[in-house]
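Walk through this model one part at a time. Keep the sequence beside the coordinates as you go.

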Amino acid sequence: MIDFGYNINTDRQIDYDANDHRMSHFILSREPSYNLCIGCGSCTATCSAGNFTDFNFRKLHLMIKRGEISEVKTKIQKCMFCGKCLLVCPRGVNTRNLILTINCAIDELKL
Amino acid sequence: MTFDLFVLPFFLGLIFLLVVLGIKYTRWINALPKADILKIRNGIFSRKFFLSIKEIFFESLIHRKMFKQNALSGWMHMSFAFGWFMLIVIGNIESRVYSGKHINPPYYPIFLKFFVHDKKVLPFEIYTVPGFFRFSMDLMLLLILSGLVLAFIKRQHSKWFGYQRKTKQTEFDRFALTALWFIFPLRLLAESFTAGYYLGGGFLTNSLGWVFSCFLPVQYLAYPAWWAYSFALGAFFVTLPYSRYMHIPTEVLLIFLRNFGIKTEKNFNSFSEIEVNSCPRCGICIDTCQLNTSACIHDTQSIYFLRSVRQNEVKQDVAFDCLLCGRCQEICPVGINLNAIRITKRRDIQTLTPNSYNYLIPTQPPSVDVVYFAGCMTHLTPSIKKSMTEILDVTGVKYSFLDADGTVCCGRPQMMAGKIDAAQQLMDYNKTLIQKSGAKTLVTSCPICYKVFKEDYNLNIQVLHHTQYLWQLMNENKISLKPSEKTVVYHDPCELGRGSGIYEEPRQIIKSIAGLMSTEHEKADALCCGGSLGNVQINSKQRNAIQKDVLDELQKFHPDTIVTACPLCKKTLAKGSEAKVEDIAEFVCKALQPTANKKIRKEQFKSLTKAELIELAIEKL
């Protein structure tokens with residue numbers, strides 16, 4: 001093929017119907033403040049683990065909401081549970097319980 | 001006559017109780033780790049054994065701690081425990097005197113008045129041997145009955161006894177309580193009826209018997225009363241091992257084992273089981289819990305948590321809904337290590353998903369004398385780390401700021417959530433860094449970090465919280481501070497105060513530069529700010545409710561500044577405070593006297609040799 005110097009991006013269409021919403025429902029039933037998030041990214045900006053890796057709690061939250069949960073298990077392991085995200089969250093999301101609940105969901109859903 | 005059928009309910013109940021206790025205690029002690037069994041062996045032949053007996057006398061019988069909290073409550077517990085104990089002891093001696101034998105069947109002393117009717121002495125001849133026994137037995141019974149009256153009053157007016165909120169007991173516990181309450185009035189009736197008929201008894205049973213005999217057919221009532229008394233005893237003994245009254249025998253065992261040096265550590269073991277069974281469910285921990293008083297959470301307090309542990313049905317939301325502030329542990333009359341038990345249980349119900357911190361690769365830090373570790377929370381309150389570095393610069397000490405470019409968590413938050421393995425990975429990383437630096441002193445600004453560095457890292461170097469370090473610097477005249485007219489209240493952080501026992505250093509520092517005001521809850525009784533990382537469950541509203549109550553108390557006398565020694569407390573309290581909230585490092589930093597400090601530095605330089613000065617200059621470059 002002729003190289004035009006650009007290519008076509010892979011499809012990033014989010015198919016809400018096909019995605020796995022079990023984790024999202026599980027979390028919502030245990031930690032209602034999960035829904036308060038506005039995705040401002042304060043948690044990620046202050047994150048201790050994010051300082052060393054690409055761990056991104058905001059992104060993780062978004063992925064779970066979309067039902068794209070295949071990478072959650074490997075990513076959540078990097079969290080140090082220090083609680084800085086809890087203190088900076090402007091919406092009062094109980095981020096620490098969210099992390100515990102995500103771990104519980106991984107166990108429960110056998111991911 | 002030394003036997004009658006009515007003794008059977010008591011006798012069988014007693015045998016059942018002893019067998020159950022025997023099995024349970026043997027199992028628990030056998031299941032202890034080997035190191036703990038060795039401690040028991042060493043302890044039995046040492047001073048600790050006698051100290052334990054002294055403690056058992058003061059705490060299990062006299063209930064000294066209960067007296068200190070509330071005299072009425074103390075009297076109630078003392079009258080039951082001490083009175084019943086004396087009744088058993090005196091009754092035993094009395095039965096030996098009457099039977100002429102050293103060994104009697106166990107029911108004989110209990111029902112002695114049924115078997116022996118001594119008419120030779122008058123009830124008030126207490127200088128004779130039988131008269132003395134009658135008098136003292138009646139006196140002890142009266143003592144117990146006084147406690148019973150108080151127990152009745154407590155049902156209605158628990159506030160008089162120092163309880164703001166009543167405990168929700170289970171039906172089974174209430175049944176056991178009813179059996180216990182019936183025992184002594186029935187004993188009084190049985191003995192009085194018998195005394196009324198045979199003209200025996202002491203000052204209480206004799207006179208009561210005489211009154212009863214005036215209008216009741218006491219000769220027919222006595223026998224059923226003895227049956228009822230025996231039944232009440234039997235019912236209490238059978239329910240005891242499965243009810244909250246299990247604490248009565250188990251607390252004795254607990255005191256011995258605790259004095260031998262055994263404690264609950266990282267795992268829930270059979271000693272923790274003994275601690276759990278020692279909980280009398282008195283409910284003192286309910287009133288002291290801020291989740292109860294400020295956040296309207298009434299079902300997660302230690303009493304309910306321990307009950308769920310005993311019933312093997314620990315719920316995750318109960319186990320995690322605790323600030324781990326340690327206020328209940330401080331006030332617990334049995335001295336159960338409540339925080340440790342909760343953490344071990346959190347560990348048991350923790351998820352299986354492991355954590356992996358392989359992205360952390362230790363580098364080589366500069367070699368120094370003092371390592372400063374700010375901690376995660378201090379990075380959220382940069383004024384604290386700025387103040388600390390400023391102070392450290394002034395002193396001229398050779399230090400490094402270990403986590404200047406972003407911190408790696410100390411591991412304590414993971415530990416409090418029961419994830420010991422994850423915590424261990426973080427601890428190993430930080431430990432390697434600290435050891436590589438070759439420092440002799442580690443200074444940290446965060447009490448959460450301080451506790452774990454001190455207790456779990458095994459660093460073999462001096463570990464100080466910055467309050468201790470600042471106080472040390474002041475004593476060594478390495479910093480000079482300017483006093484001011486400010487009024488200050490000090491807020492004790494949980495992990496620094498109750499957690500690590502540091503109360504005096506911050507107070508001394510404040511007193512030397514400002515006026516320290518006292519507050520209602522101080523030192524071991526200090527309130528938690530509500531920001532605690534120990535609790536994962538409560539929402540932001542509940543946190544704010546706790547914080548508001550604490551702030552109201554701290555600001556009651558309108559101080560200029562609220563000083564604390566924890567970045568998390570500072571961050572939490574600063575949200576709604578009218579007074580300025582400062583960490584003690586900021587407070588000290590503001591009081592630094594630049595000129596005086598320069599002089600101190602100059603004198604330090606004077607003592608240095610030329611070579612050292614050159615080295616220092618190179619370093620500065």
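This is a predicted model: local features need pLDDT of at least 70, side-chain atom pairs count only at pLDDT 80 or more; totals for chains, interfaces and linings use all residues.

B:Asn477 has a phi near 55°, a positive value in a residue other than glycine. Look for B:Asn477 in the loop of chain B between helix 25 (466-475) and strand 5 (487-491). Is B:Asn477 buried or exposed? B:Asn477 has 10 other C-beta atoms within 10 Å, so it is exposed.

B:His63 is not a glycine either, and its phi is also positive, at about 60°. B:His63 too lies in a loop of chain B, between helix 3 (47-61) and helix 4 (64-69). Its surroundings are another matter. B:His63 counts as buried because it has 22 C-beta neighbours inside 10 Å.

A third residue falls into the middle class. B:Val252 is part of helix 12 (residues 247-259) of chain B. B:Val252 has 18 C-beta neighbours inside 10 Å and therefore counts as partly exposed. Which residues does B:Val252 touch, not counting residues up to four places away in sequence? They are B:Ile56 and B:Ser60. As for distance, B:Val252 and B:Phe320 are separated by 68 residues in sequence and by 30 Å in space, C-alpha to C-alpha.

Now follow the strands of chain B. Strand 1 (residues 370-373) and strand 3 (residues 441-444) of chain B run parallel, joined by 4 bridges. Here B:Val370 has B:Thr441 of strand 3 of chain B as its bridge partner. Strand 3 of chain B is also joined to strand 4 (residues 462-465) of chain B, again in parallel and by 4 bridges. How does the chain get from strand 3 to strand 4 of chain B? The path leads through helix 24 (residues 447-456) of chain B, and this β-α-β crossover is right-handed.

Further along comes an open sheet. It has 4 strands of chain B in the order 6-5-7-8, with parallel pairing. At its edges are strand 6 (515-517) and strand 8 (580-583) of chain B, each of which pairs on one side only. From one strand to the next, the twist averages 35°.

Take the pairings in turn. Strand 5 and strand 7 of chain B pair in the parallel sense over 4 bridges. B:Val488 is set opposite B:Thr561 of strand 7 of chain B. From strand 7 the chain continues through helix 28 of chain B to strand 8 of chain B, in a right-handed β-α-β crossover. Strand 7 (residues 561-564) and strand 8 of chain B are likewise parallel, with 4 bridges between them. B:Ile562 faces B:Val581 in strand 8 of chain B. Helix 28 (residues 567-574) of chain B packs on the sheet and touches strand 5, strand 7 and strand 8 of chain B. The direction of helix 28 makes about 170° with that of strand 8 of chain B.

The side chains of strand 7 deserve a look. B:Thr561 and B:Val563 point one way from strand 7 of chain B, while B:Ile562 and B:Thr564 point the other way. All four are buried.

Finally, bring in the second chain. How many residues of chain B are in contact with chain A? There are 24, and they meet 25 residues of chain A. Helix 20 (376-380) and helix 22 (412-416) are the elements of chain B that give two or more residues to this side. By residue type, the side of chain B that touches chain A has 13 nonpolar, 10 polar and 1 charged.

Chain A has a mean pLDDT of 91, and 100% of its residues reach 70 or more. Among the elements of chain A, the lowest mean pLDDT is 91, in helix 4 (residues 72-76). The highest is 95, in helix 2 (residues 42-46) of chain A.

Key. Residues are numbered from 1 along each chain as its sequence is written. Chains are lettered from A and ligands numbered from 1 in the order in which they are written. Two residues are in contact if their C-beta atoms, placed from the backbone, lie within 7 Å. Ala, Val, Leu, Ile, Met, Phe, Trp, Tyr, Cys and Pro count as nonpolar, Asp, Glu, Lys and Arg as charged, and the others, Gly among them, as polar. Two strands pair if DSSP finds at least two bridges between them. A crossover is right-handed if, with the strands pointing away from the viewer, the path from the first strand over the helix to the second runs clockwise. A residue is buried if 20 or more other C-beta atoms lie within 10 Å of its own, exposed if 12 or fewer, and partly exposed in between; C-beta atoms are placed from the backbone. Axes are lines fitted to C-alpha atoms, for helices over the stretch in contact, and angles run from 0 to 180 degrees between N-to-C directions. pLDDT is the predictor's confidence in each residue, from 0 to 100.
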